[in-house]
Amino acid sequence: MREIVGSDLREVAEKTQSHVRAFLSTVTEVASGAAPGAELSLLLLSTADLVACGAHLAAITDIVPAERFEPDAGDDIDVDPLRVALARMFDGFDDYVEVVDPVLGVEIGPATVSGDIACVVEELAKGLAHYDDGHEIEALWWWQFSYLSSWGERATSALRMLQSVLAHLRLDVDDDVAQEAEYDALHA
């Protein structure tokens, strides 16, 4: 693990908040219906960027704020309207099963893409509230802690589902269509 201190932490916080804002903006735009036909691609790209940002947080030593308590960042945001909008959008592929903890066993459990993304949004927004209140290190601590404890796993699961759905949409074609495309390609 890489140790980062002082002004370097503030730089990491600045970069992280930029990724967080971009993700929140994309999710909000997609959930509002403002990107018809591009929803899956936009969420795939934004979630992949966010997962990479979280990996950077996991690769540095544990961030410990100077104060050993978390200042109140205000009320949690209500992510239920966002989750419901995404669930409607993902109708037919929102529900999936996953391995609960691949390190500890093979138990599978239910999950939803909309629930995963809503969970990520809620955790990121809490850190962003700390950041916007001028508590950059507290925000960074929260993003790192919650990446390791919740949003990293949920974002990674959502990313895998988004990629899988896109792969099926692009690759699952009728045999007649595939043969015709192959014939056309060979004789072009």
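Visitor: Where does Asp 116 sit?
Guide: Asp 116 is in helix H4. Keep in mind that this is a predicted model.

Visitor: And is Asp 116 buried or exposed?
Guide: Buried. The relative accessibility of Asp 116 is 3%, and the cut-off for buried is under 20%, so Asp 116 counts as buried.

Visitor: Which residues is Asp 116 in contact with?
Guide: Leaving out neighbours within four places in sequence, Asp 116 is in contact with Tyr 96, Ala 111, Arg 154, Ser 157 and Ala 158.

Visitor: OK, switching to the largest nonpolar core. How many residues does it have?
Guide: That core has 45 residues. Phe 23, Ile 117, Leu 124 and Trp 143 are the ones with the most contacts inside it.

Visitor: Which helices each supply at least two residues of this core?
Guide: Helices H1 (7-31), H2 (39-58), H3 (80-89), H4 (113-132) and H5 (136-171) each do.

Visitor: Which one gives the most?
Guide: H5, with 14 residues.

Visitor: Now helix packing. At roughly what angle do the axes of H2 and H5 cross?
Guide: Roughly 145°, and the axes come within 8 Å. The crossing of H2 with H5 is left-handed.

Visitor: How do the residues of that contact divide into nonpolar, polar and charged?
Guide: In the contact of H2 with H5 there are 20 nonpolar residues, 6 polar and no charged.

Note on methods:
Residues numbered from 1 in each chain as written. Predicted model: local features only at pLDDT ≥ 70, side-chain atom pairs only at ≥ 80, totals over all residues. Heavy atoms only, no water. Core = buried A, V, L, I, M, F, W, Y, C linked by side-chain atoms within 4.5 Å. Buried < 20%, exposed > 50% of the residue type's maximum accessible area, 1.4 Å probe, protein only. Helix = DSSP H or I, 4+ residues; strand = E, 2+ residues; numbered from the N terminus. Axes fitted to C-alpha atoms, helices over the stretch in contact; angles between N-to-C directions. Left-handed = near helix turned anticlockwise from the far one by under 90°. Nonpolar A, V, L, I, M, F, W, Y, C, P; charged D, E, K, R; others polar. Contact = heavy atoms within 4.5 Å.
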